[in-house]
Amino acid sequence: ISTLVLLFTGVLPIIGYDFNWLTIHWIAGLVLTGAVLLHVIRAVFFQDFGSMVVAPKDLKEPFEKGRKPGKYSLAQKGMHHAMTLLVLVVIGTGLVLFLQIDTPWWDRPNSLAESTLGWMFVLHGVSTLGLVGLTALHVYFALRPEKRFYTRSMISGWISEDEFSANHDPARWMPWNYREQLPAAP
């Protein structure tokens with residue numbers, strides 16, 4: 001929701017809709033920053049962070065026909081890393097820009113040189129455009145019939161055994177519920 005609010009409050013004034021958007025924009029930006037911070041803490045300390053790291057064996061995946069990925073494919077990891085980079089740039093530049101406006105906590109300081117401020121706006125805008133493009137690409141792939149089971153799994157939390165065996169290498173990723181069903185080692 002914060003991302004949509006940021007998108008609309010950032011773009012609508014540019015295309016000519018005049019409204020008091022700045023306060024709504026920075027509040028949504030702080031909400032997004034908090035959500036990303038919580039996600040990073042959760043991913044690093046409470047989830048399998050290593051499954052998102054691109055390993056040398058992942059680089060072979062596109063070139064070896066029939067090679068199945070572990071939990072995430074190289075394309076999924078690449079999309080995640082690109083989104084991560086762009087989100088960090090948009091948040092970092094957004095926070096710098098936030099420090100340059102009037103808020104309930106401080107008056108506008110005018111502490112940045114005009115050229116630096118210009119670069120912050122450029123980086124903020126370009127990273128936003130990149131996020132819009134990658135999000136559209138993400139939605140496109142999420143709606144493709146052969147990948148729809150991934151979309152369902154994000155909502156339901158599961159994939160079938162057939163989907164698992166057809167799309168993932170059990171030697172590289174074994175979901176918890178499958179591990180519990182394996183016989184004990186001799």
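**Figure 1. Arg 152 pairs with Glu 163.** Arg 152 is partly exposed, with a relative accessible area of 28%. The model shown here and in every view below is predicted. Arg 152 forms a salt bridge with Glu 163, and the closest N and O atoms lie 2.6 Å apart. Arg 152 sits in helix α5 (residues 148-156), while Glu 163 belongs to helix α6. The pair links distant parts of the chain, 11 residues apart. Glu 163 is buried, at 19% relative accessible area. Buried means under 20%, so Glu 163 falls within that class. Arg 152, at 28%, counts as partly exposed. The structure holds 5 salt bridges.

**Figure 2. Asp 58, Lys 77 and Arg 172 form a network of salt bridges.** Side chains of opposite charge can pair when their charged atoms come close. Lys 77 forms a salt bridge with Asp 58, with 2.6 Å between the closest N and O atoms. Lys 77 lies in helix α3 and Asp 58 in the loop between α2 and α3, 19 residues apart. Arg 172 also meets Asp 58 through its side chain, at 2.4 Å from N to O. Arg 172 lies in the loop between α6 (161-167) and α7 (176-181), so its pairing with Asp 58 ties together parts that are 114 residues apart in sequence. What is the relative accessibility of Asp 58? Asp 58 has a value of 1% and counts as buried. Lys 77 is buried too, with a relative accessible area of 6%. Arg 172 is partly exposed, at 23%.

**Figure 3. Helix α3 packs against α2 and α4.** Helix α3 covers residues 74-98, 25 residues in all. From first C-alpha to last, α3 reaches 35 Å. That is close to the 36 Å expected at 1.5 Å a residue. Which residues of α3 are buried? They are Leu 74, Lys 77, Met 79, Leu 86, Val 87, Val 90, Ile 91, Thr 93, Leu 97 and Phe 98. The buried residues of α3 pack against α2 (22-46) and α4 (114-143).

**Figure 4. The largest nonpolar core has 11 residues.** In soluble globular proteins, nonpolar side chains tend to be buried together. The members of this core are Leu 6, Ala 28, Leu 32, Val 36, Met 79, Leu 86, Val 87, Val 90, Ile 91, Leu 131 and Leu 134. The elements α2, α3 and α4 each give two or more residues. Which element gives the most to this core? Helix α3 does, with 5 residues. Val 36 touches Val 87 and Ile 91, leaving aside residues up to four places away in sequence. A second, separate core holds 6 residues, including Phe 149, Tyr 150, Phe 164 and Met 174.

**Figure 5. Trp 173 is buried in the loop between α6 and α7.** Trp 173 has a relative accessibility of 17% and counts as buried. Which residues does Trp 173 touch, not counting those up to four places away in sequence? They are Gly 70, Lys 71, Phe 164 and His 168. Phe 164 is also listed in the second core. Trp 173 and Ser 51 are 122 residues apart in sequence, yet their C-alpha atoms are 8.3 Å apart in space.

**Figure 6. Gln 100 lies in the loop between α3 and α4.** Is Gln 100 buried or exposed? Gln 100 counts as buried, at 10% relative accessibility. Its contacts are Arg 108, Pro 109, Asn 110, Ser 111, Leu 112 and Leu 117, with residues up to four places away in sequence not counted.

**Figure 7. A nonpolar patch lies on the surface.** The patch is formed by Leu 4, Leu 7, Phe 8, Val 11, Ile 14, Ile 15, Tyr 17, Phe 19, Ile 24 and Val 132. Together they have about 950 Å² of accessible area. Helix α1 (residues 2-11) gives the most to the patch, with 4 residues. Leu 7 is located in helix α1. At 31% relative accessibility, Leu 7 counts as partly exposed.

Key. Residues numbered from 1 in each chain as written. Predicted model: local features only at pLDDT ≥ 70, side-chain atom pairs only at ≥ 80, totals over all residues. Heavy atoms only, no water. Expected span 1.5 Å × (residues − 1). Buried < 20%, exposed > 50% of the residue type's maximum accessible area, 1.4 Å probe, protein only. Contact = heavy atoms within 4.5 Å. Salt bridge = Lys/Arg side-chain N within 4 Å of Asp/Glu carboxyl O. Patch = residues over 30% accessible without salt bridge, like charges linked within 9 Å, V, L, I, M, F, W, Y side chains within 5 Å. Areas by Shrake-Rupley, 256 points an atom, 1.4 Å probe, with all protein chains shown as cover. Core = buried A, V, L, I, M, F, W, Y, C linked by side-chain atoms within 4.5 Å.
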